[in-house]
Amino acid sequence: VNQSYGMDALKADLQEFYKKAAMKPGLPVAFLMTDGQIADERFLVFINDMLSSGQIPDLFTREEYDAILGSVRNQAKAAGYTDDR
């Protein structure tokens with residue numbers, strides 16, 4: 001994180017974090033950010049959403065979301081989860 005790190009960069013990093021967590025289940029992932037790295041108070045909204053519910057509104061477009069679901073659908077079915085989407 002540097003001084004030019006803004007909301008777009010944070011959003012891109014969070015998208016990558018969520019994709020790794022969804023597409024490689026069982027692989028441990030961590031998102032680390034110190035209070036000194038919070039360059040914009042709006043970062044706290046994303047971090048709070050992530051910590052409180054795990055869902056960040058508007059992090060992905062509908063098309064991106066559908067692509068992620070499509071990539072894990074077969075794994076979920078094989079693990080016994082029902083496809084309700």
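This report walks through the helices, their packing, the aromatic pairs and a few individual residues of the structure above.

## Reading the model

This is a predicted model, in which local features need pLDDT of at least 70 and side-chain atom pairs count only at pLDDT 80 or more, while totals for chains, interfaces and linings use all residues. Residues are numbered from 1 along each chain as its sequence is written, and side-chain values use heavy atoms, with hydrogens and water left out.

## Overall layout

Let's begin with the whole protein. Its secondary structure comes to 3 helices and 0 strands, and along the sequence this reads as α-α-α. Helices here are DSSP runs of H or I with at least four residues, strands are runs of E with at least two, and both are numbered from the N terminus.

Taken along the principal axes, the C-alpha atoms fill a box of roughly 45 × 25 × 20 Å. Of the 85 residues in the protein, 20% are buried. The word "buried" stands for under 20% relative accessible area, "exposed" for over 50%, and "partly exposed" for anything in between, using a 1.4 Å probe and protein chains only.

## How the helices pack

Helix 1 has packing partners worth a look in your viewer. With helix 2, the packing angle is about 20° and the axes are 10 Å apart. The two are therefore roughly parallel to each other. With helix 3, the axes come within 10 Å and cross at roughly 20°, and that makes helix 1 roughly parallel to helix 3.

For these values, axes are lines fitted to C-alpha atoms, for helices over the stretch in contact, and angles run from 0 to 180 degrees between N-to-C directions. Angles under 35 degrees count as roughly parallel, over 145 as roughly antiparallel, 65 to 115 as roughly perpendicular, and the rest as oblique. Helix 1 passes helix 2 in a right-handed crossing, and the crossing of helix 1 with helix 3 is right-handed too. A crossing is right-handed if the near helix is turned clockwise from the far one by less than a right angle, and left-handed if anticlockwise.

Helix 3 covers residues 62-78, which is 17 residues. From its first C-alpha to its last it reaches 24 Å, close to the 24 Å expected at 1.5 Å a residue; the expected span is 1.5 Å times one less than the number of residues.

Even so, helix 3 carries a kink of about 40°, centred on Val 72. The bend at a residue is the angle between axes fitted to the seven residues ending there and the seven starting there. Val 72 is buried, with a relative accessible area of 18%. Its C-alpha lies 18 Å from that of Leu 59, a residue 13 positions away in sequence. Just after helix 3, Gly 80 takes a positive phi of about 95°.

## Aromatic pairs

The structure holds 3 aromatic pairs. Rings of Phe, Tyr and Trp (its six-membered ring) pair if their centres lie within 6.5 Å; planes under 30 degrees apart count as stacked, over 60 as edge-to-face and the rest as tilted. One of the pairs joins Tyr 5 and Phe 43 edge-to-face, at 5.9 Å centre to centre with 85° between the planes. Tyr 5 sits in the segment before helix 1 (7-23) and Phe 43 in helix 2 (residues 43-52), so this pair ties together parts that are 38 residues apart in sequence.

Tyr 5 is buried at 14% relative accessibility, and Phe 43 is buried at 0%. Another pair is Phe 17 with Tyr 18, whose ring centres are 5.6 Å apart and whose planes lie at 80°, so it is edge-to-face. Phe 17 and Tyr 18 are both buried, and together with Phe 31 they form one aromatic cluster. Phe 43 also has Leu 10 at 7.5 Å, C-alpha to C-alpha, although 33 residues separate them in sequence.

## The loop between helix 2 and helix 3

Asp 58 lies in the loop between helix 2 and helix 3. This residue has a positive phi of about 60° although it is not a glycine. Asp 58 is exposed, with a relative accessible area of 66%.

Thr 61 is found in that loop between helix 2 and helix 3 as well, and at 41% relative accessibility it counts as partly exposed. The C-alpha atoms of Thr 61 and Glu 16 are separated by 14 Å, with the residues 45 apart along the chain.
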